Amino acid sequence: MRIGFSLPQYGPHTTQFAKLPGYARDLEALGAASLWVSDRVLAPVHPTVNYPGTDGIPTEFHAILDPLALMAAIGAVTTRVEIGVNVLIAPWYPPILLARTLTTIDVITAGRLIPGFGLGWSPEEYIATGVPMKQRGRRLDECLDILDAYWTRNPVEYAGEYWTIPATHVDLKPVRTPPVHLAAMSPA
């Protein structure tokens, strides 16, 4: 059996970041297989859609540590445990920058990155990131294509509906091609 733990990145835990590296090392020493973070951008005061299974937005979402920065920080102080995100809302990020950041995290962790991607549920978060929510599925598809190209080809080139990457050299590759996981709560 493999057991993973979510890192405390929300609410009051954000003011105690200094404890997180030790917490992560202790979990690794106790045999944890993986450590996980998740992605939120904001906690709307008047949400048009509540957090799934609740009648609002959890107060813990009022303070959030960035998942990518946290993965890099924790990956740098551990040696064996896998470092994952469940889930990163990929359509919010320019794919070329996301590819570079995730590749860097994979290199920092010596191939221990597990990226999980999803589409999110909050219209306010899409408004705040400047991404039309109705495009989220097609943007995720393109993002996955770009990540695959970035991680497996050199040079990399891409032309899609939302992003274009002119032919470019990408000599830095992940230690291993990260095993991508997708999350969903709807049939689409």
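**View 1. Four aromatic residues gather in one cluster.** In this predicted model, Tyr10, Tyr51, Phe61 and Trp121 make up a single aromatic cluster. The structure holds 5 aromatic pairs. One of them joins Tyr51 and Phe61, edge-to-face, with 5.1 Å from centre to centre and 90° between the planes. Both residues come from the loop between β2 and α2, so their pairing ties together parts that are 10 residues apart in sequence. How exposed or buried is each partner? Tyr51 is partly exposed, at a relative accessible area of 29%, while Phe61 is buried, at 10%.

**View 2. Trp92 meets Tyr126 edge-to-face.** Here the ring centres of Trp92 and Tyr126 are 5.9 Å apart and the planes stand at 70°, so this pair too counts as edge-to-face. Trp92 belongs to the loop between β3 and α3, and Tyr126 to helix α4 (residues 123-129), so the pair links parts that are 34 residues apart in sequence. Take a look at how covered they are: Trp92 is buried, and Tyr126 is buried as well.

View 3. You'll find Ser38 in the loop between β2 (34-37) and α2 (67-77). Is Ser38 buried or exposed? With 16% relative accessibility it counts as buried, because the cut-off for that is under 20%. The side chain of Ser38 has a polar contact of 2.4 Å with the side chain of Tyr10, and Tyr10 is also a member of the aromatic cluster in View 1. Leaving out residues up to four places away in sequence, Ser38 touches Gln9, Tyr10, Pro67, Val85, Asn86 and Val87.

**View 4. Two peptide bonds are cis.** The bond joining Asn86 and Val87 is cis, with omega at about 5°. Val87 is part of strand β3, and both Asn86 and Val87 are among the residues that Ser38 touches. The other cis bond runs from Asn154 to Pro155, again with omega near 5°. Pro155 has its place in the loop between α5 and β5 (156-159).

View 5. Helix α3 covers residues 95-108, 14 residues in total, and reaches 20 Å from its first C-alpha to its last, close to the 20 Å expected at 1.5 Å a residue. Which residues of α3 are buried? They are Pro95, Leu98, Ala99, Leu102, Thr103, Ile105 and Asp106. These residues cover an arc of only 160° around the axis, which puts them on the same side of α3. An α-helix has 3.6 residues a turn, so residues three or four places apart point the same way. What covers the buried residues of α3? The cover includes α2, β3 (82-89), β4 (113-118) and α5 (136-152).

View 6. Most residues other than glycine have a negative phi. Ala110 isn't a glycine, yet its phi is positive, at about 55°. Ala110 lies in the loop between α3 and β4. At 56% relative accessibility, Ala110 counts as exposed.

**View 7. Lys173 sits over the ring of Tyr150.** Last up is a charge over a ring: the charged end of Lys173 sits over the ring of Tyr150, 5.7 Å from the ring's centre.

Notes. Residues are numbered from 1 along each chain as its sequence is written. This is a predicted model: local features need pLDDT of at least 70, side-chain atom pairs count only at pLDDT 80 or more; totals for chains, interfaces and linings use all residues. Side-chain values use heavy atoms; hydrogens and water are left out. Helices (H or I, at least four residues) and strands (E, at least two) are DSSP runs, numbered from the N terminus. Buried means under 20% relative accessible area, exposed over 50%, partly exposed in between (1.4 Å probe, protein chains only). A polar contact is a pair of N or O atoms within 3.5 Å; within protein, one must be able to donate a hydrogen and the other to accept it, and residues adjacent in sequence count only if both atoms are side-chain atoms. Contact means heavy atoms within 4.5 Å. The expected span of a helix is 1.5 Å times one less than its number of residues. The arc is that of the directions from the helix axis to the C-beta atoms. Rings of Phe, Tyr and Trp (its six-membered ring) pair if their centres lie within 6.5 Å; planes under 30 degrees apart count as stacked, over 60 as edge-to-face and the rest as tilted. A charge sits over a ring if NZ of Lys or CZ of Arg is within 6 Å of the ring centre and within 35 degrees of the ring normal.
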